[in-house]
Every structure is written in structure tokens, then in C-alpha cells.
Amino acid sequence: MDVESKSGRSFVRARAALVAGSLGLLLAVGGCGASGDSMDSGAKAADGKAAPREGFADEGGAAASAASEEQAAGKKAAPKPGGTHVIRTATLSVEVKSVPKAVAAARGAAEGAGGLVASENTERLDDTYETSHLVLRVPQERFQEVLRELAGSGKLLSRTSNAKDVTDQVVDVESRISTQRASVARVRELMDQAEKISDVVALEGELSSRQSDLESLLAQQASLKDRTSLATITLDLTPPDAPGDDGSKDEDPGFLDALGGGWDAFVTMLRWIAVAFGAAFPFLLTAALAVVVWRVLRKRKASRRAAPLVTKAPAGKDGASAS
């Protein structure tokens, strides 16, 4: 009995020692894994903190880092096309009975469609006739409606229309704007982390350049948005039988027309002759005075030469009689 009890106790002790050893081994393995994870996370954090420092080591490091971030952001932030973008323009030439009334009607049609009159130029040909040139901006969805209304306001003389698809250009500008904004944000983040003055100066120059590029892209986007949201209609309004119309040129000239043209040519010739004479009068007057003075001096010189001959003739006669 004593032998059996002793062997049972030894077996229990051996089993307890085996269990304790197994638990210790498991705890040791878990501790090593935790320490390894903590070391890896610490190394990653150290690397993350050291990366900006390496970028600040020289002036080009920050720019290179920002450029790589810009490329990555550009690939992720590329927008998807949101429909077709078209620039529409049209030109109309209409003959109307009353130009002022037609101008008022065109202005009302543009404003009624939600558009505006971009420019208006009215020119009076004489006391009776006048013409008008208008540039209208109307929404794209009301473009054809306004175009038909303007064309039906009078006699249509000419009409041209044009549509240009700029969807690719709009998508490209939007993508470049997203990329540029991410680039500006990245440079500002690097400026907040910079400690050296040289790094701050280099990043400020890079930030100014990228902000300028961003403003240029935003201006292009605004221009494209304006031209694709509002169509442009150029309208020319002229009255019937206005001076210079083709109808007056087709008529054959009569006797009175020829007489009037000849008289105008004769008066024009006389006017040019009078102008030429007025321009040459000072020179002619100077030349005439010079001729008069020359003749007077010549006469005086001739009289002086003739005077000695007259005085010598009587002396010869006295001498001959005396001899």
C-alpha cells in the first residue's frame, strides 16, 4: 500500500510539473510575440517620424516628396465625367420693319428665357434708318426656342449655328484642379512640420507657384462653365430699303442720277483746284515779287549805263568846231 501510494503521488507531481511547464512555455511565446509587435510598431512610428526629417535634409527633398504625393492623389482623385459639355453659338441677320421694337422684343426673349443681353450697339444711318447689333446669352436648354423666336421676328437674311464638344477639356481641368489642391495641401502640411529656415523658404516658393497654377485652373474652369451653361447668339437687325441695301444697287441709274454725279465731280474738281491754288499762292506771290524787283534793278542798271554816253556826245561837237 505504501509503495502504491508513493507511485501515485509521484505521477501526480510529474503531471503537475508538465502542466506548469506547458503554461510557462505558452506565456513565454506570447510575451515574445507582444514584444515583437511593439518593436515593429515602434520601428514603423520611428520611420514615419523620420521621413519628414529626411525630406528637410535638403531643399529639393520636400518638393520631391510633395510631387510623389501629388501624383498619388491625382490618380486617386480623378473625377468621373458628369455628362456632355457643349459650347453653342449662333449668328442671325434679320430684316425688320422697326428696329427699336425688334430690339425690345429680342431683349425680352433673352431675359424671359433666363438669359441676358451681353452687348448692344445701335447705329443710325440717317434720319430715317438705323441698325442694331446685339449679343445675347441664353441657357443651353432654351437655346433652340429663343433662336426660333428671333428668326421669326422678321425676314431672315442669314443664319449660322455651331456646337463644340468640350467634355474632355472640362474633365481634364477638373482632374488637374483636384490634383493641384491636394498638392497645395501637402506643401502646407510640410511647412507646418518644417524647422529650418531654408526648408521654410523653399516650401514657400513651391506653395506660391502651386497656388498660382491652381488659380489659373480655376479661371479656366469658370470660363468653361460660363460658355457651356449659356449659349451665345449674335443678332443683326436691319430695316427694309435701308441705304446701302442690295435693292437700291440693282436699279439702273437715270439722267438725273448721272447729272448729279457729274455735278458732284465738277464741284469736287473745283474744290481741289482751289485747295491747290491756296497751297501754291505764297510761293507764286514770292516769285512775282522777285521778278518785279529784278526788273526794277535791271532798268536802273541800264539807265546808269546810258547816262555817260549822252554826256560825251556834246563835248565831241565842241571840240570839232574849235578845231
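**View A. Buried residues of helix α5 in the predicted model.** In helix α5, the buried residues are T167, V170, V173, S175, I177, T179, Q180, S183, V184, R186, V187 and L190. The helix runs over residues 167–193, which makes 27 residues. From its first C-alpha to its last, α5 reaches 40 Å.

**View B. The length of helix α3.** Helix α3 covers residues 99–112, 14 residues in total. At 1.5 Å a residue it should span 20 Å, and its end C-alpha atoms are 20 Å apart, so the two values agree. Just after this helix, G114 takes a positive phi of about 90°.

**View C. The two sides of helix α3.** Which residues of α3 are buried? They are V99, A102, V103, A106, A109 and A110. These residues lie on the same side of α3 because they cover an arc of only 125° around the axis. On the other side of the helix, K101 and G112 are exposed. Among the elements that cover the buried residues of α3 are the strands β2 (116–124), β3 (130–139) and β5 (230–238), together with helix α4 (143–151).

View D. Is S93 buried or exposed? Its relative accessible area is 15%, which is under 20%, so S93 counts as buried.

Note on methods: Residues are numbered from 1 along each chain as its sequence is written. This is a predicted model: local features need pLDDT of at least 70, side-chain atom pairs count only at pLDDT 80 or more; totals for chains, interfaces and linings use all residues. Side-chain values use heavy atoms; hydrogens and water are left out. Buried means under 20% relative accessible area, exposed over 50%, partly exposed in between (1.4 Å probe, protein chains only). Helices (H or I, at least four residues) and strands (E, at least two) are DSSP runs, numbered from the N terminus. The expected span of a helix is 1.5 Å times one less than its number of residues. The arc is that of the directions from the helix axis to the C-beta atoms. Contact means heavy atoms within 4.5 Å.
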